Amino acid sequence: MKLLVLLSLFGLGLAQHDPNIKHNRTSIVHLFEWRWADIAAECERFLGPNGFGGVQISPPNEHIVLDSPWRPWWQRYQPIGYNLCSRSGNESELRDMITRCNNVGVNIYADAVINHMCRTGSGEGNHSSCGSWFSAPKKDFPSVPFTQSDFNDDKCTTASVKIENYSDANQVRDCRLVGLFDLALEKEYVRDKVADYMNKLIDMGVAGFRVDACKHMWPGDLSAVYGRLHSLNTDWFPVGSRPFIVQEVIDLGVEPITSSEYLQLGRVTEFKYGAKLGAIFRKWNGEKLVYSKNWGEGWGFMPNGNALVFVDNHDNQRGHGAGGAAIATFWDSRIYKMAVGYMLAHPYGVTRVMSSFRWNRHVVDRKDQNDWQGPPSHDDGSTKSVPINADHTCGDGWVCEHRWRQITNMVIFRNVVNGQPHSNWWDNQGNQVAFGRGNRGFIVFNNDDWELDVTLNTGMPGGTYCDVISGQKEGSGCTAKQIHVDGDGRAHFKISNSDEDPFVAIHADSML
């Protein structure tokens, strides 16, 4: 009987690695802090037509609301209950967004904050996004309800009841993360309440979850919660499809808790990926692009089938989380476009693209003093809509990296080459490299301080192709550089180190 249970859980874990992406799409975009109404419109007007597979949304449940103008982004990560009204909108707007996105083939993945509730000092009263009453001092959250007995303070061994030593796995999982009340997830009642919340979202049509702060929860407790989850809504997914699970585990190889402890439960965020890739493109510590020939598992990353990868996320683009100053972000747009292009061209992992908002940077001693700032907001603290400019970029403080031509076109590139092997590698033993994806695509980078001028074997059929970095194919024409591939698959590439974007990409669908 025990063997049957283990095999059943193993099968569930394998199913939970599948992002359930439709129509041969391959990439997810994180529309950080977007309103539900704007996400619905973006699915229909841009994400669906351009081949994006899914959207990671900010936590949809009720959270604390701090008095204006102090409206930090991290409000969303301090739950006070599981009602579905947040800074992004109410339950009706959430349901409408999920339906409209699913109807155009774009999945929704909810950010699930289930490790904790709000922190000490969050007060009491109705200062929540739903207007619900709660009392942080009393650990009283009646909208769930959770009370004092549903938290882990009695298990924590530190005097402060907070995590004081990250080398102690018990502290990391049983004590308060930066003062946030740690839920006793070993209790059946708490597991049921968390699963009820996640199941409501599944029944509404979400395809899965990014589960926050998994390092701070015991794998066995998470397994018990995941085992309670419903299969996906059959209005949009095949019968028996399991929710995609991607677990946030920050593991840079220096702490006792490792990502490998969570791999059997679902995919895991590979934080080493963005940290290493940023250092390569910044050419720090002697790193060179040539060293990425065995990129992926050859760099000590987790197995390909377990990884969700990203260049940056909402934490580490602000200097939190992992990777430090090596992380490439929209603030360094030239490097950033190359790094995201490399990620989307390479076959390793399920890829997630970041879509951000700007904040007023004020850096002192390498620490950004304004990294707390919330999304573009009106005077009353409500989040602004995302305006779309005539050139398809966004305004009013929204960055929308996913709409940058180079990134959108590389999302399409990844779809076109899906399933093809990494092939036809070339390098100059420095920071000029090229590689193909079977006979479906080829990409060339010049991250050196001099011109690249070389003829390479692309492995692609002969013909003239439009470079999807400098422009794109439109009808039978090309707004960009054109690359001619001879009948033997060879093509000449010339990339100046002073180009706005010193890389070139062609794929089967960009042939003229």
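In this predicted model, Y336, K337, V340, G341, M343, L344 and A345 of helix α8 meet Q406, I407, M410, V411, F413 and R414 of helix α9, where a contact is heavy atoms within 4.5 Å. Sorted by class, 9 of the residues in this contact are nonpolar, 2 polar and 2 charged; Ala, Val, Leu, Ile, Met, Phe, Trp, Tyr, Cys and Pro count as nonpolar, Asp, Glu, Lys and Arg as charged, and the others, Gly among them, as polar.

How do the two helices sit? α8 spans residues 333–345 and α9 residues 405–416, with an angle of about 10° and axes 9 Å apart. Therefore α8 and α9 run roughly parallel (angles under 35 degrees count as such). The axes are lines fitted to C-alpha atoms over the stretch in contact, with angles from 0 to 180 degrees between N-to-C directions. Helices (H or I, at least four residues) and strands (E, at least two) are DSSP runs, numbered from the N terminus.

Now over to S355, which belongs to strand β12 (residues 350–355). S355 counts as buried because its relative accessibility is 0% (buried is under 20% relative accessible area, with a 1.4 Å probe and protein chains only). Leaving out residues up to four places away in sequence, S355 touches V29, H30, L31, F32, W34, C400, E401 and H402. With H402 there is also a side-chain to side-chain polar contact at 2.8 Å (a pair of N or O atoms within 3.5 Å, one able to donate a hydrogen and the other to accept it).

As for confidence, mean pLDDT (the predictor's confidence in each residue, from 0 to 100) is 94 for the chain, and 96% of residues reach 70 or more. Over residues 1–10, pLDDT stays under 50, and the model has 1 contact beyond four places in sequence for them.

Local features here need pLDDT of at least 70 and side-chain atom pairs 80 or more, while totals for chains, interfaces and linings use all residues. Residues are numbered from 1 along each chain as its sequence is written, and side-chain values use heavy atoms, with hydrogens and water left out.

Terms used:
Angles under 35 degrees count as roughly parallel, over 145 as roughly antiparallel, 65 to 115 as roughly perpendicular and the rest as oblique. Buried means under 20% relative accessible area, exposed over 50%, partly exposed in between (1.4 Å probe, protein chains only).
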